[in-house]
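Please look over the sequence and the model shown here before reading on. The paragraphs that follow lead from a loop to the sheet and then to the ligand.

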Amino acid sequence: MLNDKIKQLVETCIARISNIDEMSANDLQKIKSESLGKNSELQNMLKSMRDLSPEERPAFGQLVNEARKTLESAFAEAEAKMKEKVLNEKLQKETVDITLPYQSVSCEERGHLHPVNLVANEIMDIFKGLGFEVLEGPEIETDYYCFEALNIPKNHPARDAQDTFYIAEDIVLRTHTSPNQVRVMEKKQPPIKMLCPGKVYRSDDDASHSPMFHQIEGLVVDKNVTLCDLMGTLETFAQSLFNEQTKARFRPSFFPFTEPSVEVDLTCSNCGGKGCKLCKGTGWIEVLGAGMVNPKVLENCGIDSTKYTGYAFGMGLERIAMIKYGIPNIKLFFENDVRFLKQFR
Ligand code: DAH
């Protein structure tokens, strides 16, 4: 009689777990603990073994064990099926319909580069094509890198608190990108061909000056570098940036870190040199400062000035962008008025 009961127990249990499609993982766990757990009928039967005669016990014990094994393997199978079912349901639920049309962002709302970045990228591309590498430097500088090493003496007006933002007695916001020339030359022996773009700061504020603006610095140091190399490179650069007809004019100037120094004008990109409002009727527009690196600066950086010469140049990016795009006021770059910015898309 007990045998029949065990058989029936096994059959009922197997029948219960056979419709796995209709149950959850929790349902299955519940049936398992009801069938094999501490308070299950099978366990109770084992307990009732003590009421049997010693002769009956071994056969009965074997039967219960077999029943348990059968159930355990039935549950293992059901659990594997359940795992697969749960995974399939999850995959089904999380399917992404890649055929749905995407929500397009209109041209009006799409982001784009700021005009200063556009010009910086264009300038860097031109010089990279000429073999220059881009090496950036810190915006917070020491007096030494910003002035002293560049041969700008203690009493030079550039050091005046009216032009320079001082953070501490010997720490400034860099007023130009030139200090990075020194940093690069200190670390590297020639040949050097580098470009340094970045923010610079000066206490200056009107339609063509802003307390923060951007410069790009260039430096070439090698054997036999001459002023002709500088002139040729800058004219090639100007023709790539504006147009083939652009000409460069070099006027004598003075910078403590270059000797000789030049101021570079380009033929006005607006009128082609005929004279217009933009170039104030002269046909020329001043765009940058340059010169042959002062031997004192080379020596300050540990470069032998009897063996090597170099040229350097520095230009304001906003100024170049103003000329290139005909922008009348530098403030437009920093107000972030989208009506202005979106014209450069
Ligand atoms: N540092 C100068 C300035 O901010 C620009 C400049 C002039 C940089 C001549 C140079 C240079 O490298 O050779 O006004």
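**A walk through the model**

Asn-151 lies in the loop between α6 (143-146) and β3 (166-168), where helices (H or I, at least four residues) and strands (E, at least two) are DSSP runs numbered from the N terminus. The model is a predicted one, in which local features need pLDDT of at least 70 and side-chain atom pairs count only at pLDDT 80 or more, while totals for chains, interfaces and linings use all residues. Residues are numbered from 1 along each chain as its sequence is written, and side-chain values use heavy atoms, with hydrogens and water left out.

The phi of Asn-151 is near 70 degrees, a positive value in a residue other than glycine. Most residues other than glycine have a negative phi, and most peptide bonds are trans. Two cis peptide bonds can be visited next: the one from Pro-190 to Pro-191 has omega near 5 degrees, and Pro-191 belongs to the loop between α7 (179-187) and β5 (192-201). The other runs from Glu-259 to Pro-260, with omega near -5 degrees, and Pro-260 is found in strand β8 (residues 258-267).

Strand β8 also takes its place in an open sheet of seven strands, ordered β1-β5-β6-β10-β9-β8-β7 with mixed pairing, where two strands pair if DSSP finds at least two bridges between them. At the edges are β1 (133-134) and β7 (248-255), each of which pairs on one side only. Within the sheet, β9 and β10 pair in the antiparallel sense over five bridges, and Met-292 has Tyr-311 of β10 as its bridge partner.

Which residues are closest to the ligand? Of the 15 residues that surround the ligand, the closest are His-176, Ser-178, Arg-202, Gln-215 and Glu-217, a residue being near if one of its heavy atoms lies within 4 Å of the molecule. A polar side-chain atom of Glu-217 lies 2.6 Å from an oxygen atom of the ligand, and an N or O atom in the side chain of Gln-215 is 2.9 Å from a ligand oxygen. A polar backbone atom of Ala-312 is 3.1 Å from an oxygen atom of the ligand. The elements that give two or more residues to the shell around the ligand are β6 (212-222), β9 (284-293) and β10 (309-316).

Conventions:
Polar contact = N/O pair within 3.5 Å; in protein donor to acceptor, adjacent residues only side chain to side chain.
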